[in-house]
Each structure stands twice: as C-alpha cells, then as structure tokens.
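Subject: Structure handover

Hello,

Here is the structure I promised. Please look it over first; my notes follow below.

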Amino acid sequence: MTTHITPVKNYVFVFLGLIALTVTTIEVASFDLGVFNFVVAITIAIIKASLVVWFFMHLNQSTSLTRLFAAAGLFWLAILLFFTLSDYLSRTWLPGSRWP
Amino acid sequence: MSDTDITVPEHIPELKHHFDDSSQQLDSSTLGMWVFLLTEIMFFGGMFGAYTIYRNLYPAAFESASRFMSVPLGGTNTAVLILSSLTMAIAVRSAKIGSKKLLIMFLIFTLVLGLTFLGIKYVEYHEKWVDHHIPGPGFRYDEPQYFHQAQILFFLYFAMTGMHAIHMIVGVGLLTTLIVMASRNRFGSEWNTPVDMIGLYWHFVDIIWIFLFPLLYLIRK
C-alpha cells in the first residue's frame, strides 16, 4: 500500500457536507413527522458517520482486510440491536401480555 | 562478496525487523487499531441498546425530557467536533507530507477544539445540576407523571455523554503527547504511525457524538 496524499480541498468538502447535514437534521427535528422524525434523524447520522469513516478514517484507501473488520463491527452491532428489538417489539403481539 | 552487496530496502529505525517493509507495518498497525475500535463500537453499542429499549418503552417521557437538552449548545458542540475532525485529518496529512510546522499547528487546533467541546459540555452539565435534572434523590421534574421515566433518559444522557467525554479527555492527553513527540522531531514523511492511529481514534469519538446528538437532543422539538 503506497501512502496516498489526499488534497486538503477534499477534506474541506467532506467537512462542509457534514455541517450541511447537521443543519438539516436540526431543521427537520422542528417538524412533526411522527415516526419519520426518528427515521430521518438516524438516516442522516448514518450518512454522516459513513462520510467520516470513508474519507477522514481513510477506509477508501484501506486494505480489504481492514474494510472487512470495519464491516464486522457493524454486523455485530446489528446483531445486538436486531435481537434486542425482536424481543421487545414483539412482546405485545400475543394476547394477555402484561408488558406495557 | 562484500557487505555492500546486501541490499537493505529501508533503514528507518522505527521499522521493526519482523515486518517486510514499512507499508506492511503500517497495514498491521491500522488493522490493530480498527480491532480496538471494534471493541469500542461494542462497548458503546451496549449503551445504545439500553437507549433503544427504554425509548421504545417510554416514548412520551423521552420526548418530554428531551425538551431540557439545549439544541444550540449541542449543535455548536457537533460543529466543533466536526471541525476538529477536519483539523485532525489535515494534521495526519501534514505528517505524511513531512511538514513538522503544519503538523504541530493542526494538532494544536484539534486540541483547542477538543477542549472547547469539553468546556461547552461543562456548561451543559452545570445547567442540569442547577435545574435538579441529575437522577437521584435530588431529582425534580415539572411533569409528575414522568418523574421516574424521565430519570432514565437523564441517566442515559449522563452515562453516554459522560463516557464520550472521558474518551475526549483521553484524546486530549493523546494529542498533547503527539504535539510533544512532533516537536522532538519524532515524525517524518516515512514514519508517522502514531499520528495516523490517534487520528482514527479521534474520528471514532466524533462518530459516537454524531449519533448521540440526534438521539438525545432532537427527539422532538
């Protein structure tokens, strides 16, 4: 892997994108969109995190092994959240549930 | 055959003998740093999991308690942290092109922005203290039906932002170390792995905040 020097301009563009997304997420929060408030907020956060990981943390220049490890982290986090929610969200589906 | 016939590809003292070359050593360091960051993802993931459960159980109380999170302060801190990620990325780039002056300058910018973040965080914590919004015996709340449930959000707020702030304090210490090392000419264009690795750490802490901000401050305004 040769060391690749990214122009400062690229970093500044990523920064401006992150700031624009931050302003967007604050503005959207002032509208009542019901459940979509959460969906929009978390989508914007995931886009921002992806920009940071891809450009600032240089995953765009990393070895495939490093990318695989980063993906594994997300996969295990997804297991944690998915199986937690599959329990808590389904508790009220059966009649006679005492869970709120 | 004289000794001069033996070709040694690189002579930099930081290259350990068990690696083939500098790029293999850097790849190993990067992979090791990512493994550490994965443990950090799972560490924070537990708290995000707890948040998910309780927000799902008590959505109304979370909306109510989120009123007391200051969006101007939290938003400013988000911008401060994103700017510090930019200065950190430029510091890493400065190290790679071998500019000691730019490296030290941008490390100091990053350090100052990190301290600014912690200063604003202190103002927010102080606000919570004055308003009796710290969970425990002194807790007071204007909507009595949410007295217990709102404490859960404030508890999660202090646990998650507090753990994030501890990571920021560690980052400030690491940046200080880097500035001292850089001023002692430890880094050059051929070897600057610590700057690179601490850069990864700093960006990771930024990502945690990117998720904390909408989840704690922007539930409903």
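Chain A and chain B bury about 4,100 Å² between them, 81% of it on carbon and sulfur atoms. Buried area is the accessible area (1.4 Å probe) that two parts lose on being put together, summed over both.

This is a predicted model: local features need pLDDT of at least 70, side-chain atom pairs count only at pLDDT 80 or more, and totals for chains, interfaces and linings use all residues. Residues are numbered from 1 along each chain as its sequence is written, chains are lettered from A and ligands numbered from 1 in the order written, and side-chain values use heavy atoms, without hydrogens and water.

In contact (heavy atoms within 4.5 Å) are 48 residues of chain A and 48 residues of chain B. Across this interface the rule finds zero salt bridges (a side-chain nitrogen of Lys or Arg within 4 Å of a carboxyl oxygen of Asp or Glu).

On chain A, α1 (8-29), α2 (36-56) and α3 (64-88) each supply at least two residues of the side that touches chain B. Helices here are DSSP runs (H or I, at least four residues), numbered from the N terminus. α3(A) gives the largest share, 12 residues.

One helix pair to look at: α2(A) and α6 (residues 193-217) of chain B pack at about 170°, axes 9 Å apart. Axes are lines fitted to C-alpha atoms over the stretch in contact, and angles run from 0 to 180 degrees between N-to-C directions. So α2(A) is roughly antiparallel to α6(B) (angles over 145 degrees). Among the residues making the contact are A:Phe38 and A:Phe56 of α2(A), and B:His203 and B:Phe211 of α6(B).

Best wishes

Note on methods: Angles under 35 degrees count as roughly parallel, over 145 as roughly antiparallel, 65 to 115 as roughly perpendicular and the rest as oblique.
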